[in-house]
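Please read the report below alongside the sequence and the coordinates, which are displayed first. The text then moves from the overall fold to the core, a helix pair, the charged pairs and the backbone.

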Amino acid sequence: KGTFDRILVYSVLHYLPNAEAAREFIYACLSVLNPSGSLMLGDIPNLDRQRRFSDSKFGKRFDAEWAERKATLSPEHSTRDQIFAETERKAPYLGDNFIFKLLADTRRRGMESHVMGQPEGLPMCYSREDVLIWKHD
């Protein structure tokens with residue numbers, strides 16, 4: 001119960017089973033957001049962005065270096081990496097269409113919304129992004 005000035009949803013959307021469930025979750029968050037409040041949807045694995053990156057020259061070099069680095073990880077890290085890889089495959093709806101539709105829909109409803117690139121240096125910065133939505137008072 002209650003309302004909030006700020007809500008942070010970090011690394012959550014890819015655990016939801018489909019786009020409809022993700023939208024319902026996002027709009028439930030927005031429904032308890034105060035006027036002038038903001039919602040940050042962080043660490044969204046955008047599969048389209050990941051494909052574009054992996055197809056680029058830089059992405060191919062990065063992926064090769066990452067594969068070499070992963071080969072040196074301990075079994076514990078390899079197991080954790082496998083869990084995250086399987087989870088992401090279960091959320092194929094998270095891509096450009098989902099994000100752009102969310103931006104358009106929230107803007108039609110009178111809110112501001114923007115895609116925020118993740119800072120370089122974060123482990124998945126080339127395949128994930130953040131969305132900031134805020135209400136006007």
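What share of the contacts in the chain with a separation of 6 or more comes from residues 24 or more positions apart? Such residues account for 72% of these contacts, a contact being heavy atoms within 4.5 Å.

This is a predicted model, in which local features need pLDDT of at least 70 and side-chain atom pairs count only at pLDDT 80 or more, whereas totals for chains, interfaces and linings use all residues. Residues are numbered from 1 along each chain as its sequence is written, and side-chain values use heavy atoms, with hydrogens and water left out.

**Overall fold and core**

Of the 137 residues, 36% count as buried, where buried stands for under 20% relative accessible area, exposed for over 50%, and partly exposed for values in between, with a 1.4 Å probe and protein chains only.

The largest nonpolar core has 24 residues, among which Leu39 and Leu41 touch the most other members; a core of this kind is a set of buried Ala, Val, Leu, Ile, Met, Phe, Trp, Tyr and Cys residues joined through side-chain atoms within 4.5 Å. Two or more residues of this core come from each of strand S1 (4–10), H1, strand S2 (33–45), H5 and strand S4 (128–134), and H1 gives the most, with six residues. Leaving aside neighbours within four places in sequence, Leu39 is in contact with Ile7, Val9, Ile26, Cys29, Leu30, Leu33, Val131, Leu132 and Ile133.

Cys29, placed in helix H1, counts as buried because its relative accessibility is 10%. Not counting residues up to four places away in sequence, Cys29 touches Ile7, Val9 and Leu39. Cys29 and Ile7 are 22 residues apart in sequence, and their C-alpha atoms are 7.4 Å apart in space.

**The pair of H1 and H5**

The axes of helix H1 (residues 19–31) and H5 come within 12 Å and cross at roughly 35°, where axes are lines fitted to C-alpha atoms, for helices over the stretch in contact, and angles run from 0 to 180 degrees between N-to-C directions. The contact is made by Ala19, Ala22, Arg23, Ile26, Tyr27 and Leu30 of H1 together with Phe98, Lys101, Leu102, Asp105 and Thr106 of H5.

**Salt bridges**

A search of the whole structure finds five salt bridges, each defined as a side-chain nitrogen of Lys or Arg within 4 Å of a carboxyl oxygen of Asp or Glu.

| Salt bridge | N to O distance |
|---|---|
| Arg51 and Asp48 | 2.8 Å |
| Asp96 and Arg52 | 2.6 Å |
| Asp105 and Arg109 | 3.2 Å |

Arg51 and Asp48 both lie in helix H2 (residues 47–55), three residues apart, which is about one turn of the helix. Arg51 counts as partly exposed at 49% relative accessibility, and Asp48 is also partly exposed, at 24%.

Asp96 forms its salt bridge with Arg52; Asp96 lies in helix H5 (residues 96–108) and Arg52 in helix H2, so the pair ties together parts that are 44 residues apart in sequence. Asp96 is buried at 14% relative accessibility, while Arg52 is partly exposed at 47%.

In the salt bridge of Asp105 with Arg109, Asp105 counts as buried at 17% relative accessibility, whereas Arg109 is exposed at 51%. Salt bridges that share partners join Asp105, Arg108 and Arg109 into one network.

**Backbone at two serines**

Most residues other than glycine have a negative phi. Ser11, found in the loop between S1 and H1, has a positive phi of about 60° although it is not a glycine, and its relative accessibility of 21% makes it partly exposed. Ser36, which lies in strand S2, has a positive phi of about 70° and is partly exposed, with a relative accessible area of 45%.

Terms used. Helices (H or I, at least four residues) and strands (E, at least two) are DSSP runs, numbered from the N terminus.
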